[in-house]
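I opened my notebook for this one and jotted down what I looked up, step by step. Have the model beside you as you read along.

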Amino acid sequence: MGDSLAISAIVVIVLIVVLILLSGLRVIQQYERGVLFVLGNLRGTRGPGLCWIPPVIARLLKVDLRIVTLTVPPQEVITRDNVTVKVTAVIYFYVVNPEAAIVNVMNYLQATTQIGQTTLRNVLGQSELDELLAQRNKINRELQAIIDEFTERWGVKVTAVEIKDVELPATMQRAMAKQAEAEREKRAKIIHAEGELQAATQLAQAANIIASEPGALQLRYLQTLTEIAVEKNSTIIFPLPLDLIEPLLRTLHAAREGRAAPAPQDGPRPTPASPYPQG
């Protein structure tokens, strides 16, 4: 009776010990690391894989090492030129030092969110609206550098900060639309004027070439006649350049001058015979 009780007690003790030992097993995923504390003291990191920690006296905190996409809530910002805008941004970061992420900050996710909001308001408050709209890459890099400097001691690396959306007031949207329309009209007029200038230049060059080569004018004239003949017109206006008929006009003018001025006769004029007999 006494031996059976002893054996049962031993079995129970062994089971308890086994259960306690098994309770110390932990499985850590590939993308995680475990920060081990024993009696409150930091004992380093564990993982990935299966690890064992002393039960009761030890605590293992898992930290995810994957990139976190953190959306900063819409922030109402007054720019340097006194325009109120609402800006939304996205922060990409990951933990590079699990021990620092646990020991140096209470909640690194919340802390990164808060520092992202305050930095976003500060940086955008020092920029003008045109810079915010036209130089986003520069502002993004500036935000990333400032936030990364703050989170470095927390074991967090900020890889990128992107301004997601900029919401403008309705009055500002209408003003910018008018400005954009005026800018488009300005560009259209400039392009039209440049086209007119190029066309005038080309026409002037063509006129100089034709004037220097009379044969070119004749060819152009014949080409025009060919184009007119193709069309089915009932009436054809036939322009005739003066260069073609100038020799003919000169000949006619010379002939007309020849008839108006007859050639003078030489010697005394003959005396007409008298009708009366001379005695």
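Does Val 17 count as buried, partly exposed or exposed, and what is its relative accessibility? Before answering, I note that this is a predicted model.

Entry 1: I looked up Val 17 and found it in helix H1. Its relative accessibility is 41%, so I wrote it down as partly exposed, since buried would need a value under 20% and exposed one over 50%. Val 17 also belongs to a nonpolar patch on the surface. I listed other members, including Ile 10, Ile 13, Leu 25, Val 27, Leu 50 and Trp 52. Together the patch residues have about 1100 Å² of accessible area.

**Entry 2: a sheet.** I then turned to an open sheet of three strands, and I read its order as S3-S2-S5, with antiparallel pairing. Strand S3 (41–46) and strand S5 (58–64) are the edge strands; each has a single partner strand, so one side of each has no neighbour in the sheet. From one strand to the next, the twist averages 25°. I reminded myself that strands of a sheet pair through backbone hydrogen bonds, either parallel or antiparallel. Strand S2 (residues 32–38) and S3 run antiparallel and are joined by four bridges. Where is the bridge partner of Val 35 in S3? I found it at Thr 45.

**Entry 3: Met 172.** Val 83 is 89 residues from Met 172 along the chain, yet their C-alpha atoms are separated by 8.4 Å.

**Entry 4: the whole protein.** Last, I stepped back for the totals. I counted eight helices and eight strands. Of the 279 residues, 22% are buried. The protein exposes about 20400 Å², and carbon and sulfur atoms supply 59% of that area. Among contacts between residues at least 6 apart in sequence, 62% join residues at least 24 apart.

Note on methods
Residues are numbered from 1 along each chain as its sequence is written. This is a predicted model: local features need pLDDT of at least 70, side-chain atom pairs count only at pLDDT 80 or more; totals for chains, interfaces and linings use all residues. Side-chain values use heavy atoms; hydrogens and water are left out. Helices (H or I, at least four residues) and strands (E, at least two) are DSSP runs, numbered from the N terminus. Buried means under 20% relative accessible area, exposed over 50%, partly exposed in between (1.4 Å probe, protein chains only). Contact means heavy atoms within 4.5 Å. Accessible areas come from the Shrake-Rupley method with a 1.4 Å probe; for residues, only the protein chains shown count as cover. Two strands pair if DSSP finds at least two bridges between them. Axes are lines fitted to C-alpha atoms, for helices over the stretch in contact, and angles run from 0 to 180 degrees between N-to-C directions. Patches are made of residues with over 30% relative accessible area and no salt bridge: like charges are joined within 9 Å, nonpolar side chains (Val, Leu, Ile, Met, Phe, Trp, Tyr) within 5 Å. A salt bridge is a side-chain nitrogen of Lys or Arg within 4 Å of a carboxyl oxygen of Asp or Glu.
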